[in-house]
Amino acid sequence: MNMCKIIGLVSLFTLVTLMQSNAGPANKNNNDRLINSYLIVEELSRDGNLNAISNKKTMYSFLTQDQKDKVHKIITMKLSNKLNF
């Protein structure tokens, strides 16, 4: 019976620890992995990578309109920064 209590406490402690590690500040957006992946593929496609060009089209179709807007803003900012230098 004591072994069951110990296993239960360890499981509860592990669960609480995992929940706290995923918690973040309120009202803060976490980085969107799909947007980050799209931006990487977009950069590779500019270098002429044929696989990246076809993947870029496919990944773009999975983006929501909000994600597409964010992607366009980020790309525009990157291009304007490159032109300024």
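The model is predicted, so local features need pLDDT of at least 70 and side-chain atom pairs count only at pLDDT 80 or more, while totals for chains, interfaces and linings use all residues. Residues are numbered from 1 along each chain as its sequence is written, and side-chain values use heavy atoms, leaving out hydrogens and water.

**The chain as a whole**

Let us start with the overall plan. The chain holds four helices and zero strands, and its elements run α-α-α-α from the N terminus on. Helices here are DSSP runs of H or I with at least four residues, strands are runs of E with at least two, and both are numbered from the N terminus. Of the 85 residues, 15% count as buried; buried means under 20% relative accessible area, exposed means over 50%, and partly exposed lies in between (1.4 Å probe, protein chains only). Among contacts between residues at least 6 apart in sequence, 57% join residues at least 24 apart, where contact means heavy atoms within 4.5 Å.

**Helix α2 and its two partners**

Helix α2 covers residues 33–46 and helix α4 covers residues 65–84; their axes come within 10 Å and cross at roughly 45°. That angle makes α2 oblique to α4. Axes are lines fitted to C-alpha atoms, for helices over the stretch in contact, and angles run from 0 to 180 degrees between N-to-C directions. Angles under 35 degrees count as roughly parallel, over 145 as roughly antiparallel, 65 to 115 as roughly perpendicular, and the rest as oblique.

Which residues of α2 meet α4? They are L34, I35, Y38, L39, E42, E43 and R46, and on the α4 side they meet Q67, K70, V71, I74, I75, K78, L79 and K82. Ala, Val, Leu, Ile, Met, Phe, Trp, Tyr, Cys and Pro count as nonpolar, Asp, Glu, Lys and Arg as charged, and the others, Gly among them, as polar.

The other partner is helix α3 (residues 50–62), which packs with α2 at an angle of about 150°, the axes being 9 Å apart. This makes α2 roughly antiparallel to α3. Here the contact draws on L34, S37, Y38, V41, E42, L44 and S45 of α2, together with A52, I53, N55, K56, M59, Y60 and F62 of α3. These residues divide into nine nonpolar, three polar and two charged. The crossing of α2 past α3 is left-handed.

**Salt bridges**

The whole structure has three salt bridges, each a side-chain nitrogen of Lys or Arg within 4 Å of a carboxyl oxygen of Asp or Glu.

| Salt bridge | N to O distance |
|---|---|
| E42 and R46 | 2.7 Å |
| R46 and E43 | 3.8 Å |
| D66 and K70 | 3.7 Å |

Within α2, E42 and R46 are four residues apart, about one helical turn. E42 is buried, at 7% relative accessible area, whereas R46 is partly exposed at 37%. E43 is partly exposed too, at 32%. In α4, D66 and K70 also lie four residues apart. Shared partners join E42, E43 and R46 into one network of salt bridges.

Note on methods: Left-handed = near helix turned anticlockwise from the far one by under 90°.
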